[in-house]
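The sequence and the structure come first.

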Amino acid sequence: MPWYQSIWITQVLIIFAAVLAAYLFLEALNLSPKKRIVCLSVSGVLIISLISSSIAMEVIYRQKSARYRPVNYEIASIKDLSDFEADKYSLNIIIPQPATKEQIKAVIVHANDFFRRQKKGASVIWLVLFRNRLPDKELIATEDNPNFLAQTNWTKDGYYGLLSKTFKSDEKIDGIEIYWKKK
């Protein structure tokens with residue numbers, strides 16, 4: 001982010017305008033020198049506390065935004081596994097850069113929602129997430145695969161197929177069951 005779009009620049013400008021307004025207000029009151037010093041020192045303490053709180057807010061904002069940086073992903077393959085029961089799809093997803101568990105969850109939700117909008121009749125969507133781009137023969141969701149991250153299962157409300165009931169999951173988010181690779 002450029003320096004002129006930073007939150008603290010805006011806050012410093014607001015503080016500067018408040019100091020200028022306070023100074024002009026004190027000048028208009030024509031106070032005695034002792035009262036003027038008291039007013040200026042109180043104003044100085046308030047300004048210093050305002051500046052320090054704005055710096056603290058900026059630091060907290062940057063820390064939070066760094067945690068939620070978007071993660072790029074690639075859909076490596078889409079398999080149509082539809083049968084007489086329902087439309088079923090399996091997607092292999094590659095997340096090429098290091099990502100936290102929260103970022104991977106965001107990718108899961110985004111990819112699932114994106115594919116559901118593309119295939120409106122889908123009843124079951126399985127996602128398999130991998131760390132690196134691999135040949136298709138190596139895109140296998142096993143604990144032995146060092147690139148395997150997670151596997152998910154989403155089923156449409158009202159679908160009660162056999163495979164969706166046997167899926168073993170560790171966590172559920174937005175109706176998507178997630179099985180995380182054990183470390």
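Is D170 buried, partly exposed or exposed? D170 is partly exposed, with a relative accessible area of 41%. Here buried means under 20% relative accessible area, exposed means over 50%, and partly exposed lies in between (1.4 Å probe, protein chains only).

The model is a predicted one, in which local features need pLDDT of at least 70 and side-chain atom pairs count only at pLDDT 80 or more, while totals for chains, interfaces and linings use all residues. Residues are numbered from 1 along each chain as its sequence is written, and side-chain values use heavy atoms, with hydrogens and water left out.

**Salt bridges**

Side chains of opposite charge can pair when their charged atoms come close. A salt bridge is defined as a side-chain nitrogen of Lys or Arg within 4 Å of a carboxyl oxygen of Asp or Glu. By this rule the count is 6 salt bridges.

| Pair | N to O distance |
|---|---|
| D83 and K88 | 3.0 Å |
| R116 and D113 | 2.8 Å |
| K182 and D170 | 2.8 Å |

The pair of K182 and D170 links distant parts of the chain, 12 residues apart. K182 is in the segment after β6 (176-180), and D170 is in the loop between α4 (162-166) and β5 (171-173). Helices (H or I, at least four residues) and strands (E, at least two) are DSSP runs, numbered from the N terminus. K182 is partly exposed, with a relative accessible area of 42%.

R116 and D113 both belong to helix α3 (residues 101-118), where they are 3 residues apart, about one turn of the helix. R116 is partly exposed at 26% relative accessibility, and D113 is partly exposed with a relative accessible area of 26%.

For D83 and K88, the two ends fall into separate classes of accessibility: D83 counts as partly exposed at 34%, whereas K88 is buried at 3%. D83 and K88 are also linked with E85 in a network of salt bridges.

**Strands and their pairing**

The chain has 4 helices and 6 strands, in the order α-α-β-β-α-β-β-α-β-β along the sequence. Two strands count as paired if DSSP finds at least two bridges between them.

Strand β1 (residues 74-80) pairs with β2 in the antiparallel sense over 6 bridges. In this pairing D80 has Y89 of β2 as its bridge partner. β1 and β2 form a hairpin, with 6 residues between them.

Strand β2 (residues 87-94) is in turn joined to β3 by 8 bridges, and these two strands run parallel. S90 stands opposite W126 in β3. From β2 the chain crosses through α3 to β3, and this β-α-β crossover is right-handed. That term applies if, with the strands pointing away from the viewer, the path from the first strand over the helix to the second runs clockwise.

The bridge partner of V128 in β4 is Q151. Strand β3 (residues 122-130) is mostly covered, and 9 of its 9 residues are buried.

**Surface and contacts**

Buried residues make up 31% of the 183 residues in the chain. The accessible surface of the chain is about 12,200 Å², of which 63% belongs to carbon and sulfur atoms. Accessible areas come from the Shrake-Rupley method with a 1.4 Å probe, and for residues only the protein chains shown count as cover.

Which residues form the nonpolar patch on the surface? F16, L20, Y23, L24 and L40 do, with about 530 Å² of accessible area together. Patches are made of residues with over 30% relative accessible area and no salt bridge, with like charges joined within 9 Å and nonpolar side chains (Val, Leu, Ile, Met, Phe, Trp, Tyr) within 5 Å. Helix α1 (residues 7-29) supplies the largest share of the patch, 4 residues. F16 has its place in helix α1 and is exposed, with a relative accessible area of 54%.

L31 lies in the loop between α1 and α2 (33-67) and is partly exposed at 25% relative accessibility. Leaving aside neighbours within four places in sequence, L31 is in contact (heavy atoms within 4.5 Å) with L26, R36 and C39. Of the contacts in the chain between residues at least 6 apart in sequence, 57% join residues at least 24 apart.
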